[in-house]
Amino acid sequence: MERLLEVENLRVSFHTYAGDVKAVRGISFGVDKGETLALVGESGCGKSVTAKALMRLFDRTSGEILEGSKIRFDGTDVMALDKKALHAFRGSQIGMIFQDPMTSLDPTMTIGKQVGETLVIHKGISMRDAEAQAVELLRMVEIPNPEERVKAYPHQLSGGMRQRVVIATALACNPKLLIADEPTTALDVTIQAQVLDLLRDLKVRLGTAIILVTHDLGIVADFSDRIQVMYAGQIVEEGTKNDIFKRCLHPYTWALLRSIPQENATGTTLYSLTGTPPDLLLDIHGCPFASRCEYCMQICRQKMPERTECSGTHAVSCWLMHPMAPKVECPIPRGGDDARE
């Protein structure tokens, strides 16, 4: 596969009265053309911050992408773009679906004007022509009677339709990469399935790569090609769908999978991960998961584990991978394999 996005040593901090919150701490990853990459982890692990950083949606007064971070997109150094070039880059090269369509849509503008505005800015066409194209975009995302829907306001549409409008806006300029930040939040399961089927179909038809930000592992299992598990602003494990769901190696990944209700588990207690994530205002010298890990060793609290390449597609950062570490069996019932296999 041809590499579309390359991120190296990405670090993002937020400036607060109490100090700098180090939300993303030196992560590196890539996305190939036409691929779907899922970023998973509990709330506050840095998923959405990572997604927004790819489009440089932070200013120095609040959040800042720190010096040394590298983002290359299809041969372009994103960190070197000036304000004008960055404005042209957003939307035309990378589109983004934000979490809540009701807050990301302007309640004072019709749907046609909001979708068309992207075309006016990036393609330089008139608003009349843009609104005509907006009808076709709404038809592409399977909104019924699009000729009438372009005249409607966001509050006049259902949650599922508003989400489709946001998708249409993100795809208006045929971006090479679509970032979907919790695209099914607050939608019922039927509408969730429809939205995911739509994204899957658009990916095939348009050849768009997708970064899916979510904490719903059911969606990840159904939709993604590769998965990156994030914790406390770092990537602790990454691999293909089979690597993560069948051969996962990090205790945090085990905890995420163990928290999913199992079939035929009536009468059993649902697993819950105890403890809380580390304070991101502080420096983390050891493994960020050490205080919550039931397999924690002394070295876990003293030194950050190195990245271990388990295969050509699978990597993990955990001291349990060290040859001198104790042998630990994977606790997930569905897997049951030796944690080192």
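Q: How many cavities of 30 Å³ or more does the count come to?
A: Rolling a probe the size of a water molecule over the atoms shows where empty space is left. In this predicted model, the count comes to three cavities of 30 Å³ or more.

Q: What volume does the largest cavity have, and which residues line it?
A: The largest cavity holds about 50 Å³ of space. Its lining consists of His 250, Pro 251, Cys 287, Phe 289, Cys 293, Tyr 295, Cys 300, Cys 318 and Leu 320. By class, eight of these residues are nonpolar, one is polar and none is charged.

Q: Which residues line the second largest cavity?
A: Val 40, Leu 217, Val 220, Ile 227, Val 229, Ile 244, Phe 245, Thr 253, Leu 256 and Leu 257 line the second largest cavity. Two or more lining residues come from each of helix H9 (217–223), strand S10 (226–231), helix H10 (241–246) and helix H11 (251–258). H11 gives the largest share, three residues. The volume of the second largest cavity is about 40 Å³, and its lining divides into nine nonpolar, one polar and no charged residues.

Q: Where is Lys 123 placed, and what is it in contact with beyond its neighbours within four places in sequence?
A: Lys 123 lies in helix H4 (residues 111–123). Leaving aside neighbours within four places in sequence, Lys 123 is in contact with Thr 118, Gln 133, Ala 172 and Cys 173.

Notes
Residues are numbered from 1 along each chain as its sequence is written. This is a predicted model: local features need pLDDT of at least 70, side-chain atom pairs count only at pLDDT 80 or more; totals for chains, interfaces and linings use all residues. Side-chain values use heavy atoms; hydrogens and water are left out. Helices (H or I, at least four residues) and strands (E, at least two) are DSSP runs, numbered from the N terminus. Contact means heavy atoms within 4.5 Å. On a 1 Å grid over the protein atoms alone, a cavity is a set of points where a 1.4 Å probe fits but cannot get out, and a pocket is an open set with protein on both sides within 12 Å along at least five of seven lines; lining residues have an atom within 4 Å of a point. Grid points are joined across faces, edges and corners, and a volume is the space filled by probe spheres set on the points. Ala, Val, Leu, Ile, Met, Phe, Trp, Tyr, Cys and Pro count as nonpolar, Asp, Glu, Lys and Arg as charged, and the others, Gly among them, as polar.
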